[in-house]
Amino acid sequence: MAASKRAKKIRSAGEFDLVRLAAEVRAPKVAGGVYAWDLDEIRAARDMQLLGRFRLPARLAESMRTDAGLFTAWLNRLAPQRGLPVRVEAASDSARAMRIRDEAEALFGPEGIAIHPDTLSELNSQLANHGVAFGACVWTPRADGSRVDVELHAWPIAEVEWREADRCFVALLEGGKREPIVHGDGRWVVLRKHEIMPWRAEAAILPGALVWASRAYASRDWSKGSASHGNAKIVGTMPEGEAIQASDTGTLTPEAAAFLQLLRDIASQDAPVGIKPFGSTLDYITNSSQAWQVWRELLKAKDAEADRIYLGQDGTTQNTGGNYIKAERLFDVRNDIVEGDLGAITRGLFTGVLQPWCALNFGDSTLCPRRVYLLPDADEDARQTSIAARNAQFLAALVAARDAGLDVSQDYVDALSADYGVRAPKLKVANPTQPGAASPPGSQAAQPPPAPALAAVPRLR
């Protein structure tokens with residue numbers, strides 16, 4: 001006997017305490033502020049991310065978005081989730097499953113009121129930056145008691161910590177309270193792409209933190225260099241024998257003071273003309289250093305690194321001549337990264353929101369629908385392209401065989417199509433006479449019919 005399929009986990013209404021779920025949880029109020037970072041503080045925030053304490057890393061992620069290169073890469077990472085259409089699929093084609101799907105469409109579909117686009121953007125951002133994301137469900141029973149509606153909200157990741165002793169995440173609540181985060185308990189939703197320490201596995205902030213620091217310091221030094229290059233210094237030389245300072249007081253002589261004022265006027269561009277003493281000189285000292293090229297190349301390199309961290313590519317991964325379709329891109333994000341993000345969101349919403357909703361409203365989650373993203377099938381597109389190319393090559397070979405005068409029979413066509421891996425066409429049999437035409441004496445009517453001719457294959461241009 002064939003091995004039986006593993007049964008999926010069925011959630012029942014009795015697992016969920018509706019009184020508890022109807023009570024809203026709130027994160028503590030935290031005064032907003034602007035953070036100033038040095039290299040040691042950036043490293044400290046990165047270490048906190050590795051420990052699973054997200055308050056400082058969340059502030060670091062916000063500050064990183066003040067950099068144009070990192071902001072653009074982060075924004076592009078969210079594009080697939082925002083741009084791809086979604087669909088609610090029924091668990092089966094039974095009438096009851098379809099009715100449940102129709103109800104779920106109003107809550108979880110493209111225009112659903114239970115899961116908002118801004119919530120999904122925040123969850124996707126947390127997932128990209130920190131490798132894990134958290135949401136909290138708010139349940140509201142209807143006045144007539146017929147249904148319990150749910151609404152998902154993103155939970156601020158700054159108010160989450162990993163508690164190593166209990167091997168679970170803990171939410172920091174208003175009033176100093178703490179509550180364990182249990183995914184799928186009806187209240188909490190956890191999105192992750194790795195089972196063990198997901199905040200260490202695919203958190204963009206880990207490599208991105210020092211990329212941001214490098215870009216910030218390079219930009220600062222380039223700005224300083226720009227000021228040096230753009231502001232020439234003027235040095236004047238008094239005529240030979242002229243004293244600069246008075247011997248008795250040590251102050252500038254009237255001639256030196258007048259010459260110094262002339263230099264100031266010329267440097268400030270306030271005086272378009274001036275008269276310098278005979279024998280004196282004016283020298284412009286400009287910065288001829290080529291160090292600016294170092295800063296430019298550093299910023300270009302860090303731009304590419306930011307794209308590789310968030311998008312999985314830096315614009316050079318065109319897969320030219322390659323045959324691995326997963327290297328293709330969607331919204332300029334590498335396909336496998338898009339599938340990882342959207343897969344984590346789909347799984348998390350199904351087990352953390354849709355299954356509890358179905359169990360509470362319909363008794364259990366047996367016929368729970370799914371909310372899925374309509375991803376383009378790159379592998380199927382590649383297969384269709386390959387079939388079209390092989391079919392064109394097969395027809396070209398068939399035409400070449402006919403033009404060479406070979407006997408193109410049905411057996412030959414079948415064998416050639418097998419070589420190219422395409423469906424074999426059937427040849428048309430040529431009709432030697434018109435219908436109703438009489439055969440003249442001694443004609444070829446008594447002779448065997450001619451061999452089948454290839455009439456349906458066009459010549460290539």
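Author: The model is predicted, so local features need pLDDT of at least 70 and side-chain atom pairs count only at pLDDT 80 or more, while totals for chains, interfaces and linings use all residues. Residues are numbered from 1 along each chain as its sequence is written, and side-chain values use heavy atoms, with hydrogens and water left out.

Reader: Why is Gln313 called buried?

Author: Buried means under 20% relative accessible area, exposed over 50% and partly exposed in between, with a 1.4 Å probe and protein chains only; Gln313 has 4% relative accessibility and therefore counts as buried. Gln313 is found in the loop between α11 (292-311) and β10 (329-330), where helices (H or I, at least four residues) and strands (E, at least two) are DSSP runs numbered from the N terminus.

Reader: Which residues is Gln313 in contact with, leaving aside its neighbours within four places in sequence?

Author: Contact means heavy atoms within 4.5 Å, and on that basis Gln313 is in contact with Asp307, Arg308, Arg329 and Asp332, once neighbours within four places in sequence are left aside. The side chain of Gln313 also reaches the backbone oxygen of Asp332 at 2.7 Å.

Reader: What makes α7 largely enclosed by the rest of the structure?

Author: Of the 14 residues of α7, 11 are buried, so this helix is largely enclosed by the rest of the structure; among the buried ones are Leu120, Leu123, Asn124, Leu127 and His130.

Reader: How do you know that the span of α7 is close to the expected one?

Author: The expected span of a helix is 1.5 Å times one less than its number of residues, and α7 (residues 117-130), with 14 residues, reaches 20 Å from its first C-alpha to its last, close to the 20 Å expected. Gly131, with a positive phi near 80°, follows α7.

Reader: What makes up the largest nonpolar core?

Author: A nonpolar core is a set of buried Ala, Val, Leu, Ile, Met, Phe, Trp, Tyr and Cys residues joined through side-chain atoms within 4.5 Å, and the largest has 62 residues, with Leu60, Phe108, Val353 and Trp357 having the most contacts inside it. Helix α12 (residues 335-362) gives the largest share of this core, 14 residues.

Reader: Why are β5 and β6 said to pair?

Author: Two strands pair if DSSP finds at least two bridges between them; β5 (residues 168-172) and β6 pair in the antiparallel sense over four bridges, and Phe169 stands opposite Ile181 in β6.

Note on methods. A polar contact is a pair of N or O atoms within 3.5 Å; within protein, one must be able to donate a hydrogen and the other to accept it, and residues adjacent in sequence count only if both atoms are side-chain atoms.
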